[in-house]
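Here's a quick briefing to read alongside the model.

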Amino acid sequence: MEKLGFLLRPKWLVLAAVALAFAFLCFSVLAPWQLGKNTSTSARNDLITRSVDADPVPISDILTANGFPADDEWRRVIATGSYDVDSEALVRLRSIREQPAYEVITPFEIDGGPTVLVNRGYVLPVEGTRPPDFAPAPTGQVTLNARVRQAEGTSREPIEEDGHLQVYNINPEQIGTAVGVDAIDGYLQLDDDQPGGLGLIELPQTDAGPYLSYGLQWLAFGIMAPLGLAYFVRAEIRERRMSRAEMADAMSGEPDPAPDNEPVPDEEEEFSLPTRREKRARARAASRPTVPSDPRLADRYGKNR
């Protein structure tokens with residue numbers, strides 16, 4: 001237990017808390033968020049694909065007291081009735097082909113039925129952000145081919161600007177209250193070449209997007225965070241173990257054995273060749289004549305015997 005006592009130090013506690021909190025967020029928030037978007041996108045793409053091949057049905061076949069069922073979104077329907085041209089609204093901050101745009105919403109009274117909002121299409125602003133003049137909805141009875149859409153949430157309150165009621169979302173309850181009509185939940189989006197139609201809003205691309213890969217990446221990050229913490233703990237334990245072993249060797253006082261590859265000093269005197277000076281000295285000594293040591297010569301030159 002003493003070997004893991006360093007984990008109670010503040011820096012290790014902070015590191016463990018950050019790693020575990022990050023892993024928790026990955027598994028509980030980030031990965032489910034991306035995987036949920038992938039599920040909803042796949043479900044939407046499936047509804048769009050089915051609606052392309054399906055024949056339009058009368059709106060009364062799918063209309064309920066609470067509006068349109070979620071499973072019928074993007075379904076093609078036929079509705080007969082008349083526009084309420086005096087109760088119109090613009091949806092601002094829309095984007096069409098990466099250009100800012102407005103979408104025009106007009107209530108539509110179904111013959112023998114309730115009122116439903118109709119998205120007539122888009123118009124592009126002029127002079128910056130000012131809405132352009134656009135064709136009004138036709139009066140009298142008309143028959144529309146449209147697609148069922150679910151209501152959007154609300155973000156801001158409607159505003160009055162440039163002579164138009166402008167909203168930020170297509171929410172029937174909010175728009176209906178603002179224009180004075182009782183609209184059902186959900187709305188209709190016009191197909192091409194319909195009475196009162198403006199710029200056609202095309203179907204979204206049926207691409208699943210990167211949400212699945214993002215979700216799997218967050219799951220991988222959630223697994224890697226605890227594993228990284230375990231790696232650093234193991235490395236710290238190994239480092240402390242090596243430090244204790246080195247300290248124990250130093251305190252024992254025993255010299256470390258010489259390595260096997262270290263050369264052993266030779267006790268015998270090493271042989272070395274004579275230098276040039278030594279060679280010349282030996283040569284001069286050898287060239288000198290040898291004089292015999294005669295006592296008489298010593299007396300002649302005054303040397304002692």
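Helix axes here are lines fitted to C-alpha atoms over the stretch in contact, and angles run from 0 to 180 degrees between N-to-C directions. Helices (H or I, at least four residues) and strands (E, at least two) are DSSP runs, numbered from the N terminus. Keep in mind that this is a predicted model, where local features need pLDDT of at least 70 and side-chain atom pairs count only at pLDDT 80 or more, while totals for chains, interfaces and linings use all residues. Residues are numbered from 1 along each chain as its sequence is written, and side-chain values use heavy atoms, with hydrogens and water left out.

**Helix packing**

- Helix α1 (residues 10-53) packs against helix α3 (residues 211-252) at an angle of about 165 degrees, and their axes are 6 Å apart.
- That makes α1 roughly antiparallel to α3 (the label for angles over 145 degrees).
- The contact of α1 with α3 involves 23 nonpolar, 5 polar and 2 charged residues; Ala, Val, Leu, Ile, Met, Phe, Trp, Tyr, Cys and Pro count as nonpolar, Asp, Glu, Lys and Arg as charged, and the others, Gly among them, as polar.

- You'll find D191 in the loop between β9 (183-190) and α3.
- D191 is buried, at 19% relative accessible area (buried is under 20%, exposed over 50%, partly exposed in between, with a 1.4 Å probe and protein chains only).
- Leaving aside residues up to four places away in sequence, D191 touches R76, N145, A146, R147 and L200 (contact means heavy atoms within 4.5 Å).

**Salt bridges**

- The count comes to 11 salt bridges, each being a side-chain nitrogen of Lys or Arg within 4 Å of a carboxyl oxygen of Asp or Glu.
- E88 and R120 form one of them, at 2.5 Å from N to O.
- This pair links distant parts of the chain, 32 residues apart: E88 sits in the loop between β2 (76-83) and β3 (89-96), and R120 in strand β5 (residues 115-123).
- E88 is partly exposed at 23%, whereas R120 is buried at 2%.
- E202 pairs with R97, with the closest N and O atoms 3.1 Å apart.
- E202 lies in the loop between β9 and α3 and R97 in the loop between β3 and β4 (99-110), so the pair ties together parts 105 residues apart in sequence.
- Both E202 and R97 are exposed.
- R94, E103 and E152 are linked in a salt-bridge network.

Terms used: Parallel < 35°, antiparallel > 145°, perpendicular 65-115°, else oblique.
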